[in-house]
Amino acid sequence: MFYRQVFISIFLSIIFLFPLYLVFVNSFKFENDILNNPASFPELFTFNNYINIFVKSNDLLSNSLTNSIIFTSLSIIFVLVLSSMLAFSIHFLSKKIQNIIFIFLLLGLILPTPIILIPVFTILKFVNLNNTFIGLILFFAAYYLPFGTLVFRGFMKNIPKEMIEASFIDGANFIVCYLKIILPILKPASASVIIITGTWVWNDFLNPLILLGPLEGTTVTVGLYRMVGQYSINFGELYAFMVLISLPVLIAYLFLQKYFIEGLLAGSGK
Amino acid sequence: MKINKKNLDYFLLISPGLILFSTLIIFPICLTIFYSFFKISFLTNNYDFIGYKNFYKILYKKEFFNSIQIVLVLSIVAVTVSNILGIIFAKLFNHDHKIFLILRILIFTPFILSPIVIGYTFATILTDKGILNQFLSIFFINLEISWLGNPTYALVSVSIALCWQLIAFCTVIYLANLKNIPRELEDAVEIDGANKIQKFRYLDWPLLAPALTINTVVILISTFKLYDRVLALTGGGPGRASETIAMLIIRTAFNENRVGFASSMSLLLLIISGATTFIALVYLGKREVDN
Amino acid sequence: MNILKRLLILLSIVLIPSFGSAKQIELDFMVFETPNLPAEFWDDAIERTVKDFPQFKINKIVPPNVGSMGDYLKQLQATDQFPDVMMSNFAVAEFIEAGLLLPFEDSDLERFADPVGLGLTNGRQYALPMITVVESVIFYNKSMFEAAGITEEPKTWSDLENAASNLKKNNVTPFIVGGAAGDSWAAAWPLMDLVALNVTGKDENYLKDLRNGDRNFSDPLMEDAINAYSSLVKNGWTNSTALSLNYSELQQTFLNGDGAMYPMGSFFAGAVPLDHPFEIGVFPMPALDGTPRLVTYTSGGPAVSALTEYPEEARLFAVEFSTNVKTNADDLFRDAHIPNNKLFDLEKDMAGYELHPLIFEIIEILQTPGLQHVPFFTFEVGDYALLPGLQGEVFSNSQEILSGKETSEIIDNLNSKLIELQ
């Protein structure tokens, strides 16, 4: 009984994860090998695809990797700071106002971005932040703020009221209380927010495509799109590119997978 | 501690987030509503007020209804397939042995990947001489299906790529939910002599209601904003056979340069997606309470 | 203090070069890449011009796809990143009307053999007539023709149909057509030829009337043109893979010998290697009514943005770039683009290249006397231009034709888009 369950599980998982295997294995093959035996192990093992995308492709890979790393980390910091501040300070408002704010946050959480992309773009243009990484980061911060706030609020509930009251009696103001008491408590929740918003921001395609344009540089996803647009690509290089741009999130996930799932559950309002 | 106007420090904490959120999320929603009554061109920077004319035109726009239909079909398929397979995977993997721990971690990886990576992955698998057709021909099934070139199959391909990622998500949420079902309850049911189907119907299914709600809502949201996967897979083609509503809006706004018209479609999308999500939440939420 | 010092040094390192190079003129230049014209071609061409005019610093921009170049430019314009100079092989009319392009002066046009070209609107030229492409040609596999007993190149549409049915009887796919996803323009190629040859070339008021709203796509001539394309599909004369091939796969399919005829622009000749395993011939696509017409396109050179900081310099760059004889030669060799440069001499300037005989055949077709030259459908300008947005509709409807939709449905689609855009 147990072995049957193990067998079925492994068999289904292999089928399910087969596309991942394909991408990975083919990134180490020569072009002919890919076309003739896509599913097998490499007949001749090669790193050429990886070397090629670093050497040619107009620095597309190195450029997009650096850009993505920078703007993803900045977006994460913005989301962390702003949403933890909001989650903490909302606490002191009346129930009614809290609820109104939460309805708006929920609206933001379920909002498909294409709906607001045009006005966001005009607003950023108005303040001269269109086509800049700062503009994009601000937008991501705003867009993922509801998620961060909901996760942090879940953790805030566990903080005893007395603890906060006590700090105020000791003469602390809101900022001191936030920095000294709340931030340390929110640390485990931060891990969830970091890994989840990080993954979302890293993987996002449409927003950087529209809000960033081509001149400011590219992100990993837009870089992939550009690479495919160039007719001279071959499959091996495409696969290698996909492996490299997915690796950072995959590694982050493997190390922080516990927080990932906790965060998703917390963010879903449970 | 009471808040009063003197609490400058309090406002320093609460305002940055709220201001940013209002300017870049709430205010744009208002602007979308405002824009939808105008004829706007970014090329010439013209803003002409034309009233409800945009909405009137949408009534005659085949592409709009085509895209709505595509998104509805996709969401029905995605909700059913991902939930069913998610539950099956979750039931299979709900075991404490180490192997299952590893499988649980692996099964979630598709959800971590960028949709555009997934789009291109499936695009290479599903081409005419791609791996799927080669694989089928090993078993002498020479279907010669053009997975991406035939209008019907193109939609099937999009559903496959979409569900693949969502199944991963659903599985994990169901697993988390299953953990909360007390062992004693299961044992008790088993002693009662219920068969597997009965056990699932009367024990697991009602208790999995919270996970079903989360999954369904997440699936609906991701179908309504579906863009990158389809772009990479079929580009919305052949013709407009797989063009999602998000693609139509972006194309109308940025490629056809009809910003007002695109805004009016966005507004309708907002209403449709909001209503669908709301109905799902209320309906499924009620189910949770009932049990 | 230390940090401040370092910051200052860093700042000066960043700032000084940009002050120092104040004389350098930085231009964003949009080019396009195809299998025939890869990145090297453009890099070399830009380098050649910059070598002669070192004041220029050129930032090359490449759209994600040739067919979507116009769309991409709109997106760039909307995001304030409209390039200073751009290769003009997109539908320029809309951009001219929006006042986004700068007209060239007569002095700029002196070097071109045919200074008129396509971009002439209200008497001003907006896109340099750098090259000529013959759009309505059909390439064919000579050995397949022989095997099917076809001895002469088809001269009329019925010749073409006879040839196709003979080829089909011989178990050969008569036509290679197609273009998936982003390459819908390639799927539209035969249709654009057919409409130019049989509608806009025949009835010169059609496009004007269409623009004014006096007529729509429900027109007998238009129906015939669309029918002609869809009949190829209905008769089973086209490849079943049509809608899953991107442009470079499409080209490769014909080169692999998977079909007998390939309707494409003359630039395909640049993709045929000299030692190609089978011989390829070329003939002009016949019009349905037998009138000798040829769809040509003389334009494609750089256009200059009206928003550029350096209008004079950008125009200078555009002219120099498009009349660089070495660039013209490379362009002819790689993409069979026939240079429109007075200074270009076929024999002298192509001395270092071994041109494919197909290219000479195309030049011959172009120079055949008595042919009516027709502009390429959807690329017309001025009073003859389509309404903005219609080109994309023609592209995607061509994919619909290839997927087997009825002509009436295609015409319905085009008409409802027309109403929507008016």
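# A walk through chains B and C

Start by selecting Asn397(C), which sits in helix H15 (residues 390–402) of chain C; helices (H or I, at least four residues) and strands (E, at least two) are DSSP runs, numbered from the N terminus. This is a predicted model, where local features need pLDDT of at least 70 and side-chain atom pairs count only at pLDDT 80 or more, while totals for chains, interfaces and linings use all residues. Residues are numbered from 1 along each chain as its sequence is written, chains are lettered from A and ligands numbered from 1 in the order in which they are written, and side-chain values use heavy atoms, leaving out hydrogens and water.

**Stop 1: around Asn397(C)**

Is Asn397(C) buried or exposed? Asn397(C) counts as buried because its relative accessible area is 2%, and buried means under 20% (exposed is over 50%, partly exposed in between; 1.4 Å probe, protein chains only). Now show its surroundings: not counting residues up to four places away in sequence, Asn397(C) touches Ile410(C), Asn413(C) and Leu414(C). Contact here means heavy atoms within 4.5 Å.

**Stop 2: the five-stranded sheet of chain C**

Next, colour the strands of chain C and look for the open sheet of 5 strands in the order S2-S1-S3-S12-S4, with mixed pairing. Its edges are strand S2 (56–61) and strand S4 (101–102) of chain C, each of which pairs on one side only. Two strands pair if DSSP finds at least two bridges between them. Strands of a sheet pair through backbone hydrogen bonds, either parallel or antiparallel.

Select strand S1 (residues 25–30) of chain C, which runs parallel to strand S3 (residues 85–87) of chain C and is joined to S3 by 2 bridges. Phe29(C) has Val85(C) as its bridge partner in S3(C). With S2(C), S1(C) pairs in the parallel sense over 6 bridges, and there Glu26(C) has Lys57(C) as its bridge partner. S1(C) is mostly covered, with 5 of its 6 residues buried.

- Helix H2 (residues 39–52) of chain C lies across S1, S2 and S3 of chain C, at about 165° to S2(C).
- Helix H11 (residues 311–322) of chain C lies across S1, S2, S3, S4 and strand S12 (302–305) of chain C, at about 175° to S12(C).

For these angles, axes are lines fitted to C-alpha atoms, for helices over the stretch in contact, and angles run from 0 to 180 degrees between N-to-C directions.

**Stop 3: a three-stranded sheet**

Stay in chain C and find the open sheet of 3 strands in the order S9-S8-S10, with antiparallel pairing. Strand S9 (261–264) and strand S10 (280–284) of chain C are the edge strands. From one strand to the next, the twist averages 25°. Strand S8 (residues 137–141) of chain C pairs with S10(C) in the antiparallel sense over 5 bridges; zoom in on Asn141(C), whose bridge partner in S10(C) is Ile280(C). Helix H10 (residues 247–255) of chain C packs on this sheet, touching S8, S9 and S10 of chain C, and its direction makes about 145° with that of S9(C).

**Stop 4: where chain B meets chain C**

Show both chains together. The contact takes 26 residues from chain B and 29 residues from chain C. How much area do chain B and chain C bury between them? They bury about 2200 Å², 50% of it on carbon and sulfur atoms; buried area is the accessible area (1.4 Å probe) that two parts lose on being put together, summed over both. In chain B, select Leu43(B), Lys62(B) and Asn255(B), which lose the most area to chain C, together 27% of what that side buries.

Between chain B and chain C there are 5 salt bridges, each a side-chain nitrogen of Lys or Arg within 4 Å of a carboxyl oxygen of Asp or Glu. To see a salt bridge, select Lys417(C) and Glu256(B), whose side chains meet at 2.8 Å, N to O.

**Stop 5: inside chain B**

Finally, select chain B, which has 14 helices and 2 strands. Of its 291 residues, 58% count as buried. The C-alpha atoms of chain B fill a box of roughly 70 × 70 × 30 Å, taken along the principal axes.

Go to Ile58(B), found in helix H2 (residues 53–59) of chain B. Ile58(B) is buried, with a relative accessible area of 3%. Leaving aside neighbours within four places in sequence, its contacts include Phe64(B), Phe261(B) and Met265(B). Ile58(B) and Met265(B) are 207 residues apart in sequence and 7.5 Å apart in space, C-alpha to C-alpha.
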